[in-house]
Amino acid sequence: EVTQRSALPSAAKSESGCQDSTSFVQIGKEIAVGFERGLREATPISVAEESKIGRKLERTLSNMKGFRGKWDLTQDTRKYKRYLEKLIAHLAKNVKRKGFSYRVHLIRNDSFNAFAIPGGIFGVHTGVFEGPNAVKNEAELVALLGHELAHVDLRHCVAKYQYALTVFGARGD
């Protein structure tokens with residue numbers, strides 16, 4: 001049995017062909033989220049293994065061109081590091097994946113930016129604290145740090161790392 005098009009719910013809205021409320025952007029988002037979820041599930045890794053990867057990346061980053069001479073400068077670490085570590089430790093009480101030794105590094109850079117890498121390692125640009133785009137209060141800083149912590153907790157960082165290893169044929173050893 002076939003239902004006539006005029007009897008379908010969408011026919012009441014328009015007679016001009018197929019109407020779908022799902023946009024191409026939404027479809028793209030759903031594909032990306034599904035891909036990312038599949039990637040995380042297909043690449044299980046222990047906290048210890050992820051921490052080992054993170055320590056290696058941490059050493060590499062500190063010597064990269066964009067970070068060399070800007071990584072954990074004494075004046076920045078004295079001013080911000082202990083405070084950030086306390087905030088991250090407080091936020092980390094609520095994570096699902098336990099066992100990380102969270103670490104934070106300060107990067108002398110005027111941009112408002114922060115990032116997380118596998119193993120619970122964070123980089124925070126000094127522009128988060130200084131300059132026209134600096135956080136206005138602790139709540140804004142907690143939102144930024146919580147966002148980065150969620151990337152670690154949801155395995156986004158290590159999944160992207162493992163994907164890059166696979167795509168580019170690099171070795172993770």
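These are my notebook entries on one predicted chain, taken from its model.

**Ground rules**

I number residues from 1 along each chain as its sequence is written.

**Entry 1: overall layout**

I looked up the secondary structure and found 6 helices and 3 strands. Helices here are DSSP runs of H or I with at least four residues, strands are runs of E with at least two, and both are numbered from the N terminus. The order along the sequence is α-α-α-α-β-β-β-α-α.

I then checked burial: 36% of the 173 residues count as buried. Buried means under 20% relative accessible area, exposed means over 50%, and partly exposed lies in between, with a 1.4 Å probe and protein chains only.

For contacts (heavy atoms within 4.5 Å), I took those between residues at least 6 apart in sequence, and 58% of them join residues at least 24 apart.

The chain exposes about 11,200 Å², of which carbon and sulfur atoms supply 56%. The areas come from the Shrake-Rupley method with a 1.4 Å probe; for residues, only the protein chains shown count as cover.

**Entry 2: a nonpolar patch**

I noted a nonpolar surface patch of about 360 Å² made by Phe24, Ile27 and Ile31. Such a patch takes residues with over 30% relative accessible area and no salt bridge, and joins nonpolar side chains (Val, Leu, Ile, Met, Phe, Trp, Tyr) within 5 Å; like charges are joined within 9 Å. Ile31 sits in helix α2, residues 24–42, and is exposed at 58% relative accessible area.

**Entry 3: the strands**

I went through the pairing next, where two strands pair if DSSP finds at least two bridges between them. Strands β1 and β3 (residues 121–125) run parallel and are joined by 5 bridges. Within this pair, Ile107 has His125 of β3 as its bridge partner. Strands β2 and β3 run antiparallel, with 4 bridges, and Ala114 stands opposite Val124 of β3. The hairpin of β2 and β3 has 3 residues between the strands, and Gly119 there takes a positive phi near 90 degrees.

In a regular strand the side chains alternate between the two faces of the sheet. On β2, Ala114 and Ala116 point one way and Phe115 and Ile117 the other way, and all are buried. In β1, 4 of the 5 residues are buried, so the strand is largely enclosed by the rest of the structure.

**Entry 4: His105**

I picked His105 in β1, residues 103–107. His105 is buried, with a relative accessible area of 9%. Leaving out residues up to four places away in sequence, His105 touches Glu58, Trp71, Asp72, Lys81, Ile121, Phe122, Gly123 and Val124. With Trp71 there is a side-chain polar contact of 3.4 Å. That term means a pair of N or O atoms within 3.5 Å; within protein, one must be able to donate a hydrogen and the other to accept it, and residues adjacent in sequence count only if both atoms are side-chain atoms.

**Entry 5: salt bridges**

I counted 6 salt bridges, each a side-chain nitrogen of Lys or Arg within 4 Å of a carboxyl oxygen of Asp or Glu. One of them joins Lys81 and Asp72 at 3.8 Å, N to O. Asp72 is partly exposed, at 22% relative accessible area.

Glu130 and Lys79 meet at 3.9 Å, N to O. Glu130 lies in the loop between β3 and α5 (138–153) and Lys79 in helix α4 (residues 74–92), so this pair ties together parts 51 residues apart in sequence. Lys79 is exposed at 55%, whereas Glu130 is partly exposed at 24%.

Arg108 also pairs with Glu130, at 2.8 Å, N to O. Arg108 lies in the loop between β1 and β2 (114–117), so this pair ties together parts 22 residues apart in sequence. Arg108 is partly exposed at 26%. Shared partners join Asp76, Lys79, Arg108 and Glu130 into one network.

**Entry 6: Ala92**

I ended with Ala92 in helix α4, buried at 11% relative accessible area. Beyond its neighbours within four places in sequence, Ala92 is in contact with Lys98, Tyr102 and Leu149.

How values were computed: Predicted model: local features only at pLDDT ≥ 70, side-chain atom pairs only at ≥ 80, totals over all residues. Heavy atoms only, no water.
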